[in-house]
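Here are a few notes to read alongside the model. Have a look at it first, then work through the points.

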Amino acid sequence: MRGLRKSYGQLEAVKGIDLELSGGEIFAFLGPNGAGKTTTVEILEGYRERTGGDVTVLGVDPAEAGHEWRQRIGIVLQESRMHPELTVRESMELFAGYYHSPRGVDETVELVGLTDKAHDRVARLSGGQQRRLDVGLALIGDPELLFLDEPTTGFDPSARRRAWEVIASLRELGKTIFLTTHYMEEAQELADRVAIISGGRIVAEGPPEELTHRDQRTATIRFRLPEGVTAGELPSGLAPDSDGAVANGEVRIKAEDPVRALHDLTAWALERSLPLTELEVRQPNLEDVYLELTADAPEEVAQ
Amino acid sequence: MTGAALALHQFRFDQKTFWRNPASVFFTVAFPVMFLVIFDLVFGNGNRLHLQGVSVGVSTYYVPAIITLAVISATFQNLAMSVTIDREFGILKRGRGTPLPDWVFFAGRIGNSLVVSLVMLVLLAAIGRIAYGVAIPWDRLPAVLVTLAVGAFTFCCLGLALTGFIPSQSAAAPITNIAIFPLYFLSGVFIPESEIPNGVLNVADAFPVRHFFDAFFAAWVSGAGSAGFEWVDLAIVAAWGIAGFLVALRTFKWTPQAA
């Protein structure tokens, strides 16, 4: 996709983005709510018309794509229910009928971990189980490309873990997956490659490790000073960084050379017999990168 | 699967969905039966009516009247409500992401409404025969079935057309019922038209319910020797159906509309 744009009246939701996916990879599209993720993914799925740019998905422009193209993709929408009156197995059977060469119904029910619930009505499934049914329904046609729009939003941590296991197992099936999420851990856990969208633009793109290591030398040192000691008394060179990282007595220092900085800090504290409670040194993770990159985005308008 | 096999596949699941939904079974199946029994209880008493130049007992009048209501309920009300709810649930949007052709989706739903209409025809005719001794017009069966088919087609199209004007799930039942219930009263379905002022009947003539009822009544009870086809009424009903079809083509929405 090249120079993708989408405007709603005056509002430009997607302001020219370029992306390329290769077969068999899990690609995570990351961004805050309203950043343009769903708009972008729904253009790729053929649900929405774009305002500008070129888009090719499996060799076809989704805006023109027909039923043959839909045979090759699977979609998990951000929000959609299934007929509450059908059972899990019946839902899968119904959708299997739509495809030329569907996967086995029972095998797909098992893949998403719903074998125990196969004969339960959809109405009786928990939120997490319904989401796994969504994934199963998207997989039943044995697609080459799978779109997952915020598949774990609203899950409790254990349901999220289970959903991740299902998605990770799809990697072994050789599927290409386009995943949107606003959970950093989800992208870090699952994705081969990540793009971060903010304010309708891509602000970073690459494998998660690469994104977190672009700031490799910088670590954050965090600790608390005892009562009565101010950050101003710290040795020069250890001044808290400019975003005033002193709050509730907690000091945060971004250190380009963490070994030296830590040495200076502890020497200073030992000399004065000051305890530095909660002292920790941390490498930036994807969340730090994400927060930094999306910090400047104005409050987004939900679509 | 071929198109026809796929439509049959879709229809089978639409049937399951319909019969397992307590609300649709109650409003589409139990409601008309209840109306038939209650109206007969209240107005029966062996009274006779003069309708379309025929003298009929009140019980005989209510069988075709309530079948008319049941067909409209199985088509118009059922589709307008269930399709709107499915649209707002995102069920239609999900289906659109699959290779399911649009016409198969509609064929399944319309086929379901048609079969439910036939079930109601048989059920209400049987209750009329057994409980009230109302004859089943075997000799005019072709007219009964053709009239039912034309009415069912029209009220399916109108129900689908209406969904485009229903903004949310919670608006589905009130809008659908406000659109149809007054017409049951004005069109001689709940109250015999001999009890309704002419001015009101003229208003009712502008809408399809009265024409459908008149045609169905003629098919059910018209005098001996008549085949029971009311072609003018059927043509007006069919014209409404075609209009509904054209409106539905332009206004039907597949994605949730409520914010």
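1. Start with helix α1 of chain A, residues 37-44, which is mostly covered: 8 of its 8 residues are buried. Buried here means 20 or more other C-beta atoms, placed from the backbone, within 10 Å of the residue's own. Among them are A:Lys37, A:Glu42 and A:Leu44. Just after α1(A), A:Gly46 has a positive phi of about 85°. Helices are DSSP runs (H or I, at least four residues), numbered from the N terminus.

2. A word on the ground rules: this is a predicted model, with local features needing pLDDT of at least 70 and side-chain atom pairs counted only at pLDDT 80 or more, while totals for chains, interfaces and linings use all residues. Residues are numbered from 1 along each chain as its sequence is written, and chains are lettered from A and ligands numbered from 1 in the order in which they are written.

3. Now chain B: helix α6 (residues 141-163) packs against helix α10 (residues 231-251) at about 30°, axes 7 Å apart. Axes are lines fitted to C-alpha atoms over the stretch in contact, with angles from 0 to 180 degrees between N-to-C directions. That angle makes α6(B) roughly parallel to α10(B) (under 35 degrees counts as such).

4. Which residues make that contact? They include B:Phe153 and B:Leu160 of α6(B), and B:Trp240 and B:Phe245 of α10(B). Contact means C-beta atoms, placed from the backbone, within 7 Å.

5. Last, the chains meet through 18 residues from chain B and 20 residues from chain A. On the chain B side, α1(B) gives the largest share, 5 residues.

Note on methods
Two residues are in contact if their C-beta atoms, placed from the backbone, lie within 7 Å. Helices (H or I, at least four residues) and strands (E, at least two) are DSSP runs, numbered from the N terminus. Angles under 35 degrees count as roughly parallel, over 145 as roughly antiparallel, 65 to 115 as roughly perpendicular and the rest as oblique. A residue is buried if 20 or more other C-beta atoms lie within 10 Å of its own, exposed if 12 or fewer, and partly exposed in between; C-beta atoms are placed from the backbone.
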